[in-house]
Amino acid sequence: MAKAVKKIATVVAAVALVGTGLGGILGGTMMLSAFGASVAASTIATVAGAVSIAAGFAIKPPEVPPSQVERLNATIDPRAYRKTVLGSTAMPVDVRYSEWFGNDQERCGWIVALASHRIDGVDQIWINDELAWTAAGGTTAKFAGYFWVRAIRTEGTFNNTVTFGSGKWNANHRLTGCAYAWLEFKVTGNSKKAESPFSGGTPSRVTIIGRGAPLYDPRRDSTVPGGSGPMRADDQSTWRYTASDGAVIGENLALQILRVLIGSRINGKPATGCGLPLRRIDLQSFIVAANQCDELVNRSAGGTEPRFRGAGVLSEGDDPARLLEMLCAACCGQMTDAGGKLGLAISHNDLAAAASDEGLNDDDVIGAFTWNPDPSIEGTPTVVRGKYTDPSTASLYQLIPYPEVALASGTEGPFGEVVLPLDLGAVESPSQAQRIAKQALQRRQYDRTFTASFDIRAWKYRVGKVVPFTFAPLGFNRRLFRVIEQVPGDARSCQMTLREENAAIYAWDADDRAPVQAAEPIVYDSRNNPIILAIGEAAETALWGNVTGDGRPEDGATVGAPNGTPVGDRDAEQVTQQLDYAAQALIDHDQRMAAAEQAVNAAQATVATLLAQVADLDGDVTTVSNTVDTLSSAVIDNATAIGTVQESLANLEIGAVASRPNLVKNGSFANGLNYWSTATGSWVADSVGQWGWVARLTTSPGNGEERILTSDQFSVGGNRDYTISGEPGLQGTADAQAYIELVWFDGSGGQISVSSGPRLNSTTGKPFTVDEANRGIVSFTAHAPTNAAAVRIRLVIFKATGTLTFAGFRRVKFENGPNSSLFSDEASAVTTYTALNTLTAQYANLTSTVSAQGISVTQHSTAISTIQGVMAASWGAQIDQNGRVIGSVRLDGSASYSVFDISAEAFRLSSPSTGERTEFSSGHWRVYDAAGVLRVRMGVW
């Protein structure tokens, strides 16, 4: 390496721990992605130089970046920098979208960006100093009815978008790859306008506590020497916050630093972190450092805790050097350079290994030397003071002082206290903060350094290594030093700086005191605002007992509205008569609906009888000279519109219309989950007692989470109406919803838009029923985009709070047209025509006409023995609406010719498979290869 191996930023930079340089990593023109921006290696070198420490360590200590403080307040800034959240801590509250809506704009919705990456989850939300929501219990009592966590997305995708308010925030706004929450506030009271906790407006201080980024752990990567497991550095989907063995690795500081160096990506593009290539990182050093961070140490109050754990928020807008300083400071860590690879070393007592090392001696020093003994008294600190992040409910992640660490009484110099300030923003344990402060203070008591030119043997001691040193001119006899700097000289020498070591520096275990306790906050209740109290007092004067003076009616002067008194713009008698009429109309309505149900049952029985009669006409055809026309139709209920209570109910007519085909495959789930796939959650399809086949969740969603079942993509035509219907079932005490979405795609497979329908609430919806009387069906009609070529159905279960004991869907149907028809497996009448063995008479056409719709369906087949001496046959069917043929199919032929004719506004040929196939729809031919890839496309596009 042609350049000096300089010291690099560390905690330790500020507290006199060993530093080192980037060495070969910074050579050449390598480009790095530093927190989302492209940064040259020379820039990183500048950063390293800016945070390195001179020999006397007389520079300012690590600073807490602004992102650690600003995260505690909600900010509306659509251009806010990307954030990284590490460990369990308070997340940023970056409001990316805000909208007022509802009656008199009484509600406000927020889309809050929590992190620019996937997170492990959200546990609590505090508003000012009060707990407002928990993942386990939902909204707390004070905020019930005024604050909702409508959705939490641990990672935004096109499958889990949200829409609210005016719809300006919709499926086109995904925050792909980012974690976000949808929060809603109500500023007016539910009974009077003085009751809302947000009567003064939306809060400014919101604390969202959760578990941050999943981390890569080389100890669990079998491709790394010394590692074992499925994690991979280049596959973010394998990274975890809690490993498969139950170990929580998300708070391990060494792994957090490694994540910052590797960075993260969204859709393959750099999003956060430095983006260093893996070949430039010493992963083995991070394995050692991670194990050291996990070691349990004793606490003076009893019990143990991991040696070094941390948490914090990093912003692209912060200085990268300050971020690394903060993280390294929290674990007494230092960056190292070994063979051109950047690594991490945790300062620990490794002095025992020097006993078997031959070390260096007088013969290895080949030039002049410089010995710097103890620095001046005024330059040697005697006490360390600083702050750490207090996660308690009294502070809610604000920085407060940890107990100071000082030399023993009586050891102060003539200048009194010399303070070393040391703020530890990434530390959330007061005992850990004290251990770090003690090591920093003790380290500064051993600031003696030795600098000289050494021969080639000195090269085996890399920066950070301990070396026993024997040097007669100064009386050293295997005195322990640590290499803090190396500068290459000629081919046989190097310039090195050594710092004295001592075991006292590391004697910190179980040496901490009770931390300073923050005072419990004095919580201000906005409902005690003088203006709000005055409104309440004014309302009290309207109480009947407080009404005095002339004109006050006697008690009980009027009860209700007696006959002869006005009610609005009419007399009381008119009002009571209209109420009686409306009540009778409702009774008549119930009776007519019951009669209609009986009529439907009778019609179904009649159709079954006709089918049996046709099936009995069975035989071989010997001489056929007559024409046979048959008709098949499906019977459905067709209830005419019901007028208002001031009008009589319209008659319910029973008719027969052809049930349209179901375009989605396996909508009944009788074939399990074939043609369906799980987007989120665990789904199964099975026969659930007398309910029949159901696709259902096996586990309840978490609070604020969705579970989605997605159909395979299938072909549709553009610029036309389609209707989707399904029957959800919800049971339990949860505040939950079930709904259906349609995702439209163009011919090349690109997503166009998402259509969403009404939602069935668990509080008002019905579970499945056997008698079909209380079915909770959701359906809606969507107009396909002009360029739509395919669609995918999403069945969604969303739970806000509570417990779901059952959630699922059955009888999903997707069909042409603006109205829904009966489910294909519910009530279809199929007429099967069988060739007749002996038929000597002519059977008249069987025709059923739907009077309410003006539609007739006719099916016919003929076999004519001789037409001008030639055998011929014909089969066909047509649909007629009010005299207009809207669709027909006909097949004619003889021994020498045949004609197949189809008349329809849209024609489609499709294959049930997903591999090699040819399909036709919307005037276009498509040919797919065995992998399901579109290879040929013909038509006008």
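These are my notebook entries on contacts and surfaces that I looked up in this predicted model.

**Ground rules**

I am working with a predicted model, where local features need pLDDT of at least 70 and side-chain atom pairs count only at pLDDT 80 or more, while totals for chains, interfaces and linings use all residues. I number residues from 1 along each chain as its sequence is written, and side-chain values use heavy atoms, with hydrogens and water left out.

**Entry 1: salt bridges**

I searched the whole structure and found 40 salt bridges. The term stands for a side-chain nitrogen of Lys or Arg within 4 Å of a carboxyl oxygen of Asp or Glu.

I started with Asp129 and Arg205, whose side chains meet in a salt bridge at 2.9 Å, N to O. Asp129 lies in the loop between strands E8 (121-127) and E9 (130-134), and Arg205 in the loop between strands E12 (179-186) and E13 (206-211), so the pair ties together parts that are 76 residues apart in sequence. A note on names: helices (H or I, at least four residues) and strands (E, at least two) are DSSP runs, numbered from the N terminus.

Is Arg205 buried or exposed? I read a relative accessible area of 16% for Arg205, which is buried, whereas Asp129 is partly exposed at 22%. For these words, buried means under 20% relative accessible area, exposed over 50%, and partly exposed in between (1.4 Å probe, protein chains only).

Next I looked at Arg150 and Glu184, a salt bridge with its closest N and O atoms 3.1 Å apart. Arg150 is in strand E11 (residues 147-153) and Glu184 in strand E12, so this pair ties together parts 34 residues apart in sequence. Glu184 is buried at 4%, and Arg150 is partly exposed at 24%.

I also noted a network of salt bridges that links Asp217, Arg219, Arg220, Asp245 and Asp294.

**Entry 2: aromatic rings**

How many aromatic pairs does a search of the whole structure find? I got 27. Rings of Phe, Tyr and Trp (its six-membered ring) pair if their centres lie within 6.5 Å; planes under 30 degrees apart count as stacked, over 60 as edge-to-face and the rest as tilted.

Phe147 and Phe185 make a tilted pair, 5.3 Å centre to centre with 35° between the planes. Phe147 lies in strand E11 and Phe185 in strand E12, so the pair ties together parts 38 residues apart in sequence. Both Phe147 and Phe185 are buried.

Why is the pair of Phe450 and Phe454 edge-to-face? Their planes are at 65° and their ring centres 6.3 Å apart, so the pair gets that label.

**Entry 3: charges over rings**

I saw the charged end of Arg759 over the ring of Tyr739, 3.8 Å from its centre. Arg917 has its charged end over the ring of Tyr928, 3.9 Å from the centre. The test is NZ of Lys or CZ of Arg within 6 Å of the ring centre and within 35 degrees of the ring normal.

I found Val463 in the loop between strands E27 (449-455) and E28 (466-471). Val463 is buried at 10%. Val463 and Gln486 are 23 residues apart in sequence and 6.8 Å apart in space, C-alpha to C-alpha.
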